[in-house]
Amino acid sequence: MPSRKSEGPSSCSRRRFLSAAAATAVAGYAFKLPGGTPARAEAPLTPESALRQLLDGNARYVSQRPRSQSPDFAAMRAKTETKQEPFACVLACSDSRVPVEIIFDQAIGQLFVARVAGNIAAPEVIASLEYGAAELGTPLIMVLGHSHCGAVKAAVAGEQVPGQISALFAPIQPAVDEAGHDVEAAVKANARIQAATLRKSSPVLAALTREGKLKVVAATYQLDSGKVDILA
Ligand SMILES: [Zn+2]
């Protein structure tokens, strides 16, 4: 995957300490608002500002005022062809109704996304998110469950399924044990549990969290309203 090849964790750390203006010049890129006014994506330097940028984008999506979905795609590709500087990582479900960039109103190069049915923190997913946090320097990982999740429903039902689909069930089972047969409660519990798994099973992510350079948060997406809510 294309990356800032010459940069390691130490230079990522340096990036976070750049002044806001300098970081904006490095990480932000301009795109045209519908009115023709150039807008520049803010460069978040903290977990909190990254979360704010995600939630602001979701608010634009919910209120049907997106600004990232009508851009100059050719210019965006040119800006991001040889490097990527995403401001957040998102672990979401594969569900076709949860298109991550759209629901957060973000464009090419802004989010580092891992998607797997049930948004489970499988080993390859952890590896991907370690890359996003440690190598690309994103200060936030959001684990995003969603209402009416088929993977959670299937884990709750515990019925026979074809092929290897049941491989998804074991990581979701602790949420089912906690929430019982209430699918929406299990969705929330699962997002929290997968976030906890990321925090505790990865020494890389745990170290970044201890140093205050990373936050792992759990959230849910509502298919009806489009709203993302952070879970305590
Ligand atoms: Zn799902």
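**Notebook: salt bridges and the zinc site**

I began with the charged pairs and found six salt bridges in the structure. I note at the outset that this is a predicted model. As a reminder to myself, side chains of opposite charge can pair when their charged atoms come close.

**Entry 1: a link between a strand and a helix**

Which residue forms a salt bridge with Lys-215? I looked it up, and the partner is Glu-48, with the closest N and O atoms 2.8 Å apart. Lys-215 belongs to strand E6 (residues 215–221) and Glu-48 to helix H3 (residues 47–62), so this pair ties together parts that are 167 residues apart in sequence. I then checked accessibility at both ends. Lys-215 has 40% relative accessibility and counts as partly exposed; Glu-48, at 44%, also counts as partly exposed.

**Entry 2: a pair within helix H3**

I stayed with helix H3 for the next pair, since Arg-52 and Asp-56 both lie there. Their closest N and O atoms are 3.1 Å apart, and the two residues form a salt bridge. How many residues apart are Arg-52 and Asp-56 in the helix? I counted four, which is about one turn of the helix. For Arg-52 I noted a relative accessible area of 47%, so this residue is partly exposed. Asp-56 is partly exposed as well, with a relative accessible area of 34%.

**Entry 3: Lys-213 and Glu-211**

I also looked up Lys-213, which forms a salt bridge with Glu-211. Here the closest N and O atoms are 3.0 Å apart.

**Entry 4: the zinc ion**

I turned to the metal next. Which protein atoms are the donors of the zinc ion? I found SG of Cys-93, NE2 of His-146 and SG of Cys-149, lying 2.0 to 2.3 Å from the zinc ion. I wrote down the sequence spacing of these donor residues as C-x52-H-x2-C.

Are His-146 and Cys-149 buried or exposed? His-146 has a relative accessible area of 1% and is buried. Cys-149 also counts as buried, at 1% relative accessibility.

**Entry 5: looking back**

Lys-215 and Glu-48 join strand E6 to helix H3, while Arg-52 and Asp-56 pair inside helix H3. At the zinc ion, the donors to revisit are Cys-93, His-146 and Cys-149.

Terms used: Residues numbered from 1 in each chain as written. Predicted model: local features only at pLDDT ≥ 70, side-chain atom pairs only at ≥ 80, totals over all residues. Heavy atoms only, no water. Salt bridge = Lys/Arg side-chain N within 4 Å of Asp/Glu carboxyl O. Helix = DSSP H or I, 4+ residues; strand = E, 2+ residues; numbered from the N terminus. Buried < 20%, exposed > 50% of the residue type's maximum accessible area, 1.4 Å probe, protein only. Donors = N, O, S within 2.8 Å, 3.2 Å for Na, K, Ca; no water.
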